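Here are my notes for your read-through. Keep the structure open beside them and check each point as you go.

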Amino acid sequence: MEIDIVSPADDLESLDGVVVVLDIFRASNTILALLAAGAGRVFLVNELDAARRLKAARPRAALLGERGGLPPADFDGGNSPAQAARLMRPGQEVILTTSAGTKAIHRLGGAARVFYGAFAGAAALARAIEECAPRRVSLLAMGLEARQPADEDDAAAWFLAQRLRGQRPDFAAIRRRLLDCPGARRLRRLGQADDLEFCLSLDSQAIVPLARFGQPAPWAEAYRP
């Protein structure tokens with residue numbers, strides 16, 4: 001199995017095989033938390049206006065998201081794994097739009113399978129990938145707003161690559177470093193430090209968000225390897 005670490009600056013449209021989207025602070029973890037709390041489809045929307053239109057068409061869905069790390073005033077809530085269970089009801093559809101992670105899926109139509117990856121679901125993700133037996137796995141480190149590298153996404157890509165190679169990297173050391181990285185400090189400045197515990201937990205969830213392509217938008221659903 002060939003394992004590549006890629007970024008949004010690469011030609012994502014040409015990726016085949018399995019792609020894992022890594023937006024650790026926080027879209028990957030928010031999607032995982034929503035599905036773990038029993039959400040139905042989590043629609044992955046790239047633009048605010050598109051999310052609002054989808055909400056108008058599906059008024060019973062929860063409208064969640066962020067720009068600049070904060071929820072728009074007319075949304076039901078933000079991009080928060082810590083609050084996910086309180087922002088929706090079990091079985092409810094969710095519309096999610098974020099600055100990076102939910103935009104990535106719209107460039108990955110050539111992939112055989114797309115997962116959202118997180119430390120919290122690392123073991124389940126490794127099993128899911130092994131089930132696919134792919135020739136190539138691309139670990140997509142999204143970075144801050146898909147424009148500049150983020151320590152947490154780069155660390156997750158390296159960690160998962162090592163896991164897929166059968167190694168057992170020292171997560172405790174990674175966690176200590178990431179608790180003081182720029183992304184963590186940014187969440188604290190935004191008053192969202194409570195998300196760090198979920199984002200920097202290891203193997204706390206048994207499901208993996210699996211992306212599906214379709215109308216009215218791509219969505220994520222829970223996959224149990």
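**Notes on the model**

1. Start with D203. This residue is partly exposed, because its relative accessible area is 31%, between the 20% and 50% cut-offs. The model is a predicted one. D203 sits in the loop between α9 (195–199) and β8. Its phi is positive, about 55 degrees, although D203 is not a glycine.

2. Now look at E145. Its phi is also positive, near 50 degrees, and E145 is not a glycine either. The residue belongs to the loop between β7 and α6 (151–164). Is E145 buried, partly exposed or exposed? With 23% relative accessibility, E145 counts as partly exposed.

3. Two peptide bonds deserve a check. The bond from F25 to R26 is cis, with omega near 25 degrees. R26 is in the loop between β2 and α1 (27–36). The bond from Q215 to P216 is cis too, with omega near 5 degrees. P216 lies in the loop between β8 (208–212) and β9 (219–223).

4. Turn to strand β7, residues 136–141. How many of its six residues are buried? The count is six of six. In a regular strand, side chains alternate between the two faces of the sheet. On one side of β7 are R136, S138 and L140; on the other are V137, L139 and A141. Both faces are covered.

5. Which strands pair with β7? Strand β1 (residues 2–6) pairs with β7 in the parallel sense, over five bridges. Within this pairing, I3 stands opposite V137. Strand β2 (residues 18–22) also runs parallel to β7, again over five bridges. Here L22 has A141 as its bridge partner.

6. Step back to the whole protein. The secondary structure comes to nine helices and nine strands. The radius of gyration is 16 Å, close to the 17 Å that the globule rule gives for 225 residues, so the protein is as compact as a globular protein of that length. Its C-alpha atoms fill a box of roughly 45 × 35 × 30 Å along the principal axes.

7. Next, burial and contacts. Of the 225 residues, 54% are buried. Take the contacts between residues at least 6 apart in sequence: 76% of them join residues at least 24 apart.

8. Finish with surface and charge. The protein exposes about 9,500 Å², and carbon and sulfur atoms supply 47% of that area. There are 29 positive and 27 negative side chains. The centres of the two sets lie 4 Å apart.

Note on methods:
Residues numbered from 1 in each chain as written. Predicted model: local features only at pLDDT ≥ 70, side-chain atom pairs only at ≥ 80, totals over all residues. Heavy atoms only, no water. Helix = DSSP H or I, 4+ residues; strand = E, 2+ residues; numbered from the N terminus. Rg over C-alpha atoms; globule rule 2.2 N^0.38 Å. Buried < 20%, exposed > 50% of the residue type's maximum accessible area, 1.4 Å probe, protein only. Contact = heavy atoms within 4.5 Å. Areas by Shrake-Rupley, 256 points an atom, 1.4 Å probe, with all protein chains shown as cover. Lys, Arg positive; Asp, Glu negative; His and termini not counted. Charge placed at Lys NZ, Arg CZ, Asp CG, Glu CD. Pairing = 2+ DSSP bridges.
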